[in-house]
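This report looks at helix packing, a nonpolar core and the surroundings of a few residues. The chain is shown below.

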Amino acid sequence: MTRQLTEIPRHVINGAVGGNAEDLAFILGYFSGYIKKLSTRTLKDEYGNEYLYVDETMRRRLESKLMLSIVSDFEIRE
């Protein structure tokens with residue numbers, strides 16, 4: 001199933017830039033699949049089998065960087 005991505009409403013972006021927790025959570029949810037994909041790693045066991053797992057440390061680092069970027073130096077261009 002392919003999920004249709006819509007644009008993030010401008011009022012949500014403005015709220016997130018202003019530090020609104022609900023708007024930041026909305027944006028994190030919007031990008032959660034992409035962040036999870038970026039954080040996915042391959043693990044090999046002793047028999048050579050490969051497993052995919054989400055590196056939770058990397059996922060949290062990416063989420064933190066996104067939030068910091070939004071509230072500290074995000075610029076909205078008209």
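Which residues in α2 meet which residues in α4? In this predicted model, Leu24, Ile27 and Leu28 are the residues in α2, and they meet Glu63, Leu66, Met67, Ile70 and Val71 in α4. The residues of this contact divide into 7 nonpolar, no polar and 1 charged.

The geometry of the pair is as follows. Helix α2 covers residues 21–30 and helix α4 covers residues 56–73; they pack at an angle of about 130°, and their axes are 11 Å apart. That angle makes α2 oblique to α4, because angles over 145 degrees would be needed for roughly antiparallel. The crossing of α2 and α4 is right-handed.

Glu63 lies in helix α4 and is one of the residues there that α2 meets. Is Glu63 buried or exposed? Glu63 is buried, because its relative accessible area is 19% and buried means under 20%. Apart from neighbours within four places in sequence, Glu63 is in contact with Leu28 and Ile35.

The largest nonpolar core has 6 residues, namely Ile8, Val12, Ala16, Leu24, Ile27 and Ile70. In soluble globular proteins, nonpolar side chains tend to be buried together. Among the core residues, Leu24, Ile27 and Ile70 also take part in the contact of α2 with α4. Ile8, another core member, is in contact with Ile13, Phe26, Ile27, Tyr30 and Phe31 when its neighbours within four places in sequence are left aside.

Phe26 is placed in helix α2. With neighbours up to four places away in sequence not counted, Phe26 touches Ile8, Pro9 and Val12. Of these, Ile8 and Val12 belong to the largest nonpolar core.

Val54 sits in strand β2, residues 50–54. At a relative accessible area of 26%, Val54 is partly exposed. Leaving aside neighbours within four places in sequence, its contacts are Lys36, Ser39, Thr40 and Arg59.

| Pair | Separation along the chain | C-alpha separation |
|---|---|---|
| Val54 and Arg41 | 13 residues | 6.1 Å |
| Phe26 and Ile13 | 13 residues | 9.4 Å |

Terms used. Residues numbered from 1 in each chain as written. Predicted model: local features only at pLDDT ≥ 70, side-chain atom pairs only at ≥ 80, totals over all residues. Heavy atoms only, no water. Axes fitted to C-alpha atoms, helices over the stretch in contact; angles between N-to-C directions. Helix = DSSP H or I, 4+ residues; strand = E, 2+ residues; numbered from the N terminus. Parallel < 35°, antiparallel > 145°, perpendicular 65-115°, else oblique. Left-handed = near helix turned anticlockwise from the far one by under 90°. Contact = heavy atoms within 4.5 Å. Nonpolar A, V, L, I, M, F, W, Y, C, P; charged D, E, K, R; others polar. Core = buried A, V, L, I, M, F, W, Y, C linked by side-chain atoms within 4.5 Å. Buried < 20%, exposed > 50% of the residue type's maximum accessible area, 1.4 Å probe, protein only.
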